Structures are given as C-alpha cells and as structure tokens.
Amino acid sequence: MHPLPSCPSCRQPMQAHRFTSNQGHSLELDICFACQGLWFDRHENLKLTPQSVVELFRLLHEHRTDQHQPLADSMACPRCNTTLAKGFDVVRSGRYMIYRCGRQHGRFSTFSSFMVEKGFVRHMTRPEIDDLAKRVGAIYCTSCGAPVDIRKDHACPYCRAAFSLIDPDAVVRAMEGYAKASSQRAAHPATPVDIGDALVALERDRSRAERERQKRAFTSADDASDSSFTGDLVAAGVALVWALVKD
C-alpha cells in the first residue's frame, strides 16, 4: 500500500478508497472531493471493473453537495513533486483534459474528465446551454472547476474547454450487460430541462445546509427562479445517473 498522497491541486490529504481491479486484486484510488479530482497511479484508470465504476458513482453521489474549489494553476505529482503537465486525451465521447507526471508516476483527472474517458459524458449543445442560461447564472467548468457565466460564455474562458454534462442514457448503455440488467435502462434519456431542474434542486439542498450551519435566515437562494447561483453539472448529472443505477 502506498502512502496517502496530498492532492496535486489543494495539497490537502486525499481520501483512499478501495475498489476491485479487473485483474482480481484490490485497487486503491486517491480522491479529493474538494477539488473533484482523482489521482491514478500508472495505468490504474484502466483497471477498474464495471462494478467499481458503479461504486465510484455512489461515492460521487454521496459527496455531490460538498463545497469544491477551482484547480490550482500549477499542480505537482504527489509522488515526486514534479510539476504535472497539462494535456488532452481523445476518446469516442470527446476530448478531455488530463494532468500527467513526466516521470510516469501517474495522472490527475477531474471527475468529469474521468467520465468522458469512460464514455459517460458528452459535450453540451448550444440549445442546452441556452436553456440552462435562462435559469442558472453560472456553472462550474467541468474541466478546470472555475465558475463560468453561462449567460456570456459558451466555453470556459480559462481553459477553453467545452461545457460537458453526464449523460444518464450513455451511462446506462455503458453499464448494461455487466453492472445492471438492461431492463433498468430509463425509457427516456435526460433532457436539458432535467439537468436544469437538477441544478436548481442541488442548489436548494446546498443552501439549506448552509443555513443550518450558520443558524441564520437565507431565503433568496431558495427561489427556484433565481439565476444568480453557480450550478454544478457534474453533481447534477451524478444525481440523475444514480437514480438509474442504484439498487
């Protein structure tokens, strides 16, 4: 077992979670929920079993309302402290950002990049972006984590990544035949309205939790028509997907 590493972005200790590898042994992944990132030692991202992906979804769902922060401009390998090199990988579902150690110790991946890699995320269409802009003031970029005013920008102004969302229909298709029976596939895939509603509900949950912590009234964020909050497409998508894949 390797020592518990610090997050390449925020430098706080990551959480270790065990999964089953496709080689039959235990696999330990290091996760930072604050930065919504995963550290994979070399080739670990290729070793998760389908059931382990379901378990990872469960973890993301449990932490969907956690406060998170943008990634740091410069990140270091938790094994050797070498600056991670930012780059892109391309799969059938699109292009995604990755941060690699030049000494081949591993790679740091955001939750959304991992979902793109596994074929669970797709880029948003212009009509979907326009629909969200009517009800959400800003979203977190699914590549770098920065808040972006979706009413003005149609790509992240910081990393230039396209906006992406988790596609529940694609997730269920990917899991069919090995994670869950095909009979559990949703009759209708999520629509832009579904995602928008999920974002509003997510913000309501977060606002209620904040009110309880602070012991003071804070009613403005409870208005579903308020478009000033910052929505999290990854958390909203995970909530929708989990409703389809959970027991």
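**Salt bridges, pockets and cavities**

Mentor: Start with one residue of this predicted model: aspartate 30 is buried, at a relative accessible area of 0%.

Trainee: Why does aspartate 30 count as buried?

Mentor: The label goes to residues under 20% relative accessible area, over 50% counts as exposed, and the range in between is partly exposed. Aspartate 30 has 0%, so it is buried.

Trainee: Which side chain meets that of aspartate 30 in a salt bridge?

Mentor: The general idea is that side chains of opposite charge can pair when their charged atoms come close. Here the partner of aspartate 30 is arginine 79, at 3.4 Å from N to O. Arginine 79 belongs to the loop between helix 1 (50-62) and strand 4, while aspartate 30 sits in strand 2 (residues 26-32), so the pair ties together parts that are 49 residues apart in sequence.

Trainee: Is arginine 79 buried or partly exposed?

Mentor: Arginine 79 is partly exposed, its relative accessible area being 28%.

Trainee: Which residues are linked with this pair in a network?

Mentor: Salt bridges link Asp30, Asp41 and Arg79 in a network.

Trainee: How many salt bridges does the structure hold?

Mentor: There are 9. One of them joins the side chains of arginine 58 and glutamate 55, at 2.4 Å from N to O. Both residues lie in helix 1, 3 residues apart, or about one turn of the helix. Arginine 58 is partly exposed at 27% relative accessibility, and glutamate 55 is partly exposed at 30%. Another bridge runs between aspartate 149 and arginine 151, whose closest N and O atoms are 3.2 Å apart. Aspartate 149 is partly exposed, with 22% relative accessible area; arginine 151 is partly exposed, with 45%.

Trainee: Now the pockets. What lines the largest pocket?

Mentor: For any pocket, take volume, lining and residue classes in turn. The largest pocket has a volume of about 260 Å³ and 15 lining residues, with Leu71, Ala72, Asp73, Lys86 and Tyr99 nearest its centre. Strand 4 (85-91) and strand 5 (94-100) are the elements that give two or more residues to that lining. By class, 11 lining residues are nonpolar, 2 polar and 2 charged.

Trainee: Which residues line the second largest pocket?

Mentor: Its lining includes Phe40, Arg42, His43, Arg100 and Arg107. Asp41 from the salt-bridge network also lines the second largest pocket. The space in this pocket is about 190 Å³. Strand 3 (37-41) and strand 6 (106-110) each supply at least two lining residues. The classes are 3 nonpolar, 4 polar and 4 charged.

Trainee: How many cavities of 30 Å³ or more does a search find?

Mentor: The search finds 3 across the whole structure. The largest cavity holds about 120 Å³ of space. Of its 17 lining residues, Gln36, Thr110, Cys141, Thr142 and Gly145 lie nearest the centre. Helix 2 (111-117) and helix 6 (233-245) each give at least two residues to this lining, which by class has 8 nonpolar, 8 polar and 1 charged residues.

Trainee: Which element gives the most to the lining of the second largest cavity?

Mentor: Helix 6 does, with 3 residues. The volume of the second largest cavity is about 90 Å³. Among the residues lining it are Phe33, Gln36, His63, Arg64, Asp66 and Val238. The lining divides into 6 nonpolar, 3 polar and 2 charged residues.

Key. Residues numbered from 1 in each chain as written. Predicted model: local features only at pLDDT ≥ 70, side-chain atom pairs only at ≥ 80, totals over all residues. Heavy atoms only, no water. 1 Å grid on protein atoms, 1.4 Å probe; cavity = no way out; pocket = protein on both sides within 12 Å on 5 of 7 lines; lining within 4 Å. Points joined across faces, edges and corners; volume = space filled by probe spheres on them. Helix = DSSP H or I, 4+ residues; strand = E, 2+ residues; numbered from the N terminus. Nonpolar A, V, L, I, M, F, W, Y, C, P; charged D, E, K, R; others polar. Salt bridge = Lys/Arg side-chain N within 4 Å of Asp/Glu carboxyl O. Buried < 20%, exposed > 50% of the residue type's maximum accessible area, 1.4 Å probe, protein only.
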